[in-house]
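Please consult the sequence and structure shown here.

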Amino acid sequence: MGLNRIPRWAAALAILILLLAGCAPQRDEAALWPSLPGRGPCAVTKQEDVPATMRDGVVLRADVYRPQTDDAVPVILMRTQYGKSGAQVDPTRYEPPDWFASQCYLVVVQDVRGQGTSGGVFSEFTNDQNDGYDSVEWAAALPGSNGKVGMYGSSYVGATQWLAAVTAPPHLVTIVPANTASDYYDGWTYEGGQFRLGFVLPWALESIATTAAENRNDQATVDELRSAAKDLTRWIDFRPFDRLPPMRPDNPAVAPWYFDWIRHWTRDQFWQNVSIRDRYPTVTVPVLHFEGWYDAFLAGGVENFAGMVAHGATQSARDNQRLVIGPWDHVAWGRSDSEPAPMLKDIGPVGDSPINQLMLAWFDHFLKGRNDTGGAAVAPGRPRVDYFVMGANQWRTASAWPPPNTTPTTYYLSGQGGIADRTGRLQQTAPGSEAPDVYTYDPNFPAPSLGGHSCCGARSGPQGPYDQTPAEQRSDVLVYTSDPVGSDTEVTGPTTVNLWASSSAPDTDFTAKLEVVKTDGAVVNLNDGILRTAFRDSLSAPTPIEPGRPYPLRIQIWPTSYEFRAGERIRVEISSSDYPQFAPNPNTGAPFGQGTATAVASQTILHDAQHPSSVVLPVIAG
């Protein structure tokens, strides 16, 4: 990177000025988070299966944790498809509902439609706008409620919050979504136009299809799905996707929503009807966002923050947005006794999630009007981002996303990135006359995923940081590496790869991965991205490419934050597959998931004066 270090006397002077101005940069955990209290003063009773009738007559059921107090109190609501009795306590996420109720809140944990003990037919995303609105208003009117409702939960339980919030229920005051997306096509089911196989199929098969069958008392289907879940690798390899046997395409009661996801392989009206990113101007509430650098929905989580800051319905909503991004994968962000990817676990307690204490302080402020929760606990009337810098293993703070002191820094691809030479370089001068890199991509022999941002656990999906050396021994993986950085340099934000490429196929994939090459030679993935070439201009109207013609392609590598230490090198890896994180493109140009035909493609990456392929890194100045 070549950034110069600031002299110590200058750095000290800058810190002194900031301190005098009351805006010192916050670097340690103690300055960022309030302490986690013990149980609160209120005794708690529990009511199970409390009914709530939706506008169409369907009855949903909730467990209600009631604090023993004569005062009317705010409501904290969770709407979950994973079982209200679990309340997302394990693995190492939230304190149990009665803990929050002991802080003198009325806590309501509700099964969504067609799951757990609730009535109706389950269909992912479909009913959660109307049901979310109705459930918020029902909870606000419960005996003992003061009419103010906040919501919390992770993953799909974050989606239920957003889908309620876009309908603007009058009694919803704030939400705290964690590890969730901005769009349920782009960045949830598909990414860059390609199916997120390693997440979607196991999640649908192991979890929500099975629990929906349990809700219907369909034990035969439950047994069949559980048997299939024991052999996931078999079903991940099954083609075509729209005939997946365990999902019973012959029985529309089992998982019709799964086949809808395959049928709607573009971002059409089916997906637009439930998109969050299109509806920020309808959201009126402050939001505390939680995300992780290796989370399955990171890109959407940070987009939600930036989208609300720019387009929230009110000035108060726009000002009161806070984003916390830690060294976490999808479920193991409590960390003390959880099992994230090993390199994340090695970070130690400084990487533990502060979600319980920060969420409680947030609710105390916005639902109870308390201002004694600690200045760091709430949005200070302006947007705020707290993010963990891997490599340095420190928490840092910014006023916007991406951080306002970001300097986009361009590195050009040069040399020969193929396995025969491995002389591929990242350099800051544009290339001259250079031969392209050519490789063969066979969808029946895809490059393996080693970590990534899939879902949903380190043992069940390709997520987290891992040594990439085995994948880089393949002939269909190109590697481009910088010189060692001369001084410690922070890279925080999304990385863009501007690739000039051609293919012998009418449609294919290109993948990109940002990595750090450690001084001991280990190669660790920071994040990755993918683009299906037919979707290069539009997610809703794909068009084929002309075989053999070079196209400028923009691959968005999901955000990261890493401080490259002096002597480490930056690496970008280019390929055409990342399996099973993403479904291999068959190179035929056919609609996704509806056939078994494949073709081998010859891929060409150009990096010369007329076709300057490059990567743009978000370097943090100073």
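This is a predicted model, in which local features need pLDDT of at least 70, side-chain atom pairs count only at pLDDT 80 or more, and totals for chains, interfaces and linings use all residues. Residues are numbered from 1 along each chain as its sequence is written, and side-chain values use heavy atoms, with hydrogens and water left out.

Q: How many salt bridges does a search of the whole structure find?
A: A salt bridge is a side-chain nitrogen of Lys or Arg within 4 Å of a carboxyl oxygen of Asp or Glu. Searching the whole structure on this basis gives a count of 32.

Q: Why does the pair of Asp49 and Lys84 tie together separate parts of the sequence, and how many residues apart are they?
A: The closest N and O atoms of this salt bridge are 2.8 Å apart. Helices (H or I, at least four residues) and strands (E, at least two) are DSSP runs, numbered from the N terminus. Because Asp49 lies in strand β1 (residues 44-53) and Lys84 in the loop between β3 (73-80) and α3 (97-102), the parts joined are separated in sequence by 35 residues.

Q: Is Lys84 buried or exposed?
A: Buried means under 20% relative accessible area, exposed over 50%, and partly exposed in between (1.4 Å probe, protein chains only). Asp49 is partly exposed at 35%. Lys84 has a relative accessibility of 8%, so Lys84 counts as buried.

Q: Which residue forms a salt bridge with Asp507?
A: The closest N and O atoms of this pair are 2.5 Å apart. Both partners are buried. The partner of Asp507 is Arg532.
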